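Please work through the exercises below with the sequence and the structure open beside you. Try each task before you read its solution.

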Amino acid sequence: MTAVLGTDPASIARAADCLRHGGLVAFPTETVYGLGVHAMDVAAVQRLFAAKGRPAHDPLIVHVSSLEQAALLTTGMPPEASALANAFWPGPLTMVLPRHGAVPREVTAGLDTVAVRVPAHPVARALLDAAGIPVAAPSANLFSRPSPTTAAHVLEDLGGRIDMVIDGGPTSVGVESTVLDLTSTPPRVLRPGGVPVERLRALLPHLELFGASVAAGEAALSPGLLSQHYSPRTPMALYSGAPDAARQAIVKRIHEATAQGHTVGVLATREQAAALGRLPVLVVDLGSEQDADAVARRLYAAIRDLDAANLDLILTQQVAHTGGLWQAIADRLTRAATERVAVP
Ligand code: TXA
Ligand code: MG
């Protein structure tokens with residue numbers, strides 16, 4: 001049984017105690033729900049990998065409550081790290097740093113680096129403070145499924161497989177943290193996320209962006225770069241290219257698929273949905289393209305909603321914008337898709 005806890009101090013104390021004793025506790029962060037374990041407890045870390053069905057070669061992010069605690073996990077804070085921490089911690093930035101020997105190899109999947117983040121969510125902060133230990137936490141979903149943005153999503157994937165989940169309501173950012181590798185020269189973004197790359201560039205002018213979708217074989221560097229990730233169980237086709245042409249291709253596909261008796265759903269921004277017009281299919285609204293924050297917040301829940309409708313096919317169109325949070329949104333759509341159609 002997985003206990004569902006509230007966010008009152010007694011519940012936080014109980015969850016912190018569970019973590020200290022090697023338990024698996026899902027908790028809200030500002031990005032997505034994480035599945036926490038005591039980062040220094042190898043047996044607990046192994047249970048976490050088993051509960052998620054996560055391959056052992058995919059390293060975990062260690063969550064701590066301050067830059068000082070982060071410093072205990074690394075052999076060397078590069079000079080940029082404290083400026084970055086000042087600007088973006090607590091918050092949705094993960095820094096990859098040289099691993100201290102005290103951090104178990106099971107946490108870092110054998111890498112000589114460790115990923116560290118100070119989350120901003122008040123419940124995550126209270127839990128870290130109460131536990132007083134570094135907490136390794138991947139997103140609290142089954143491996144390759146969309147990340148959870150509510151406690152219900154966590155239970156959908158991991159109910160019965162973990163000790164407890166703290167229900168802190170829906171998360172506010174909705175996409176995962178930006179993963180920034182400070183061990184490479186120049187530093188590079190391994191995963192776009194909650195902190196837009198432009199904001200990092202203000203402090204790191206030479207910043208590079210690692211290819212958003214690499215083939216699975218090249219993923220050893222950061223297994224989160226696995227091109228197929230965050231996916232619904234239903235096949236999902238992503239159309240990119242000139243917006244009008246992509247939209248026409250989607251309409252054509254809808255008619256073809258429904259003529260064959262297939263059930264189809266569409267994942268669309270409000271503007272995309274308006275341009276598609278009335279269609280004989282389920283359309284799930286991602287929110288307005290005027291509001292990247294809202295679209296990011298809604299993205300994974302919308303994918304899960306469509307998945308729950310048990311359709312034969314989900315169709316979606318790549319977002320037209322590229323700056324700010326749109327980069328993370330476009331990245332997640334690309335990775336969630338099981339079929340990618342580039343319309344000329
Ligand atoms: O927002 C987030 O980052 C959430 C919340 C719970 O903090 N966590 C999260 O964890 O998304 P996860 O495990 O789903 O994704 C962590 C990503 C993966 O892409 C992993 O490969 C990468 O971080 N990563 C972890 N340690 C790394 C390391 N030492 N070097 C390179 N990449 C690393
Ligand atoms: Mg994940």
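The exercises that follow concern a predicted model, and each task comes with a worked solution.

**Exercise 1. Determine how many helices and strands the protein has, and decide how its radius of gyration relates to the globule rule.**

Begin with the secondary structure, where twelve helices and 16 strands are found in the protein. Finally, turn to the extent of the C-alpha trace, which spans about 60 × 50 × 35 Å along the principal axes.

**Exercise 2. Find what share of the residues in the protein is buried, and what share of the contacts joins residues 24 or more positions apart.**

Start with burial: of the 344 residues, 56% are buried. Then consider the contacts with a separation of 6 or more, of which 68% are accounted for by residues 24 or more positions apart.

**Exercise 3. Decide whether R117 is buried or exposed, and identify the side chains with which its side chain makes polar contacts.**

First locate R117, which lies in strand β6, covering residues 113-117. Its relative accessible area is 2%, and because buried means under 20%, R117 counts as buried. Then follow the side chain of R117, which makes a polar contact of 3.0 Å with the side chain of T29 and another, of 2.7 Å, with the side chain of E30.

Note on methods
Residues numbered from 1 in each chain as written. Chains lettered and ligands numbered in written order. Predicted model: local features only at pLDDT ≥ 70, side-chain atom pairs only at ≥ 80, totals over all residues. Heavy atoms only, no water. Helix = DSSP H or I, 4+ residues; strand = E, 2+ residues; numbered from the N terminus. Rg over C-alpha atoms; globule rule 2.2 N^0.38 Å. Buried < 20%, exposed > 50% of the residue type's maximum accessible area, 1.4 Å probe, protein only. Contact = heavy atoms within 4.5 Å. Polar contact = N/O pair within 3.5 Å; in protein donor to acceptor, adjacent residues only side chain to side chain.
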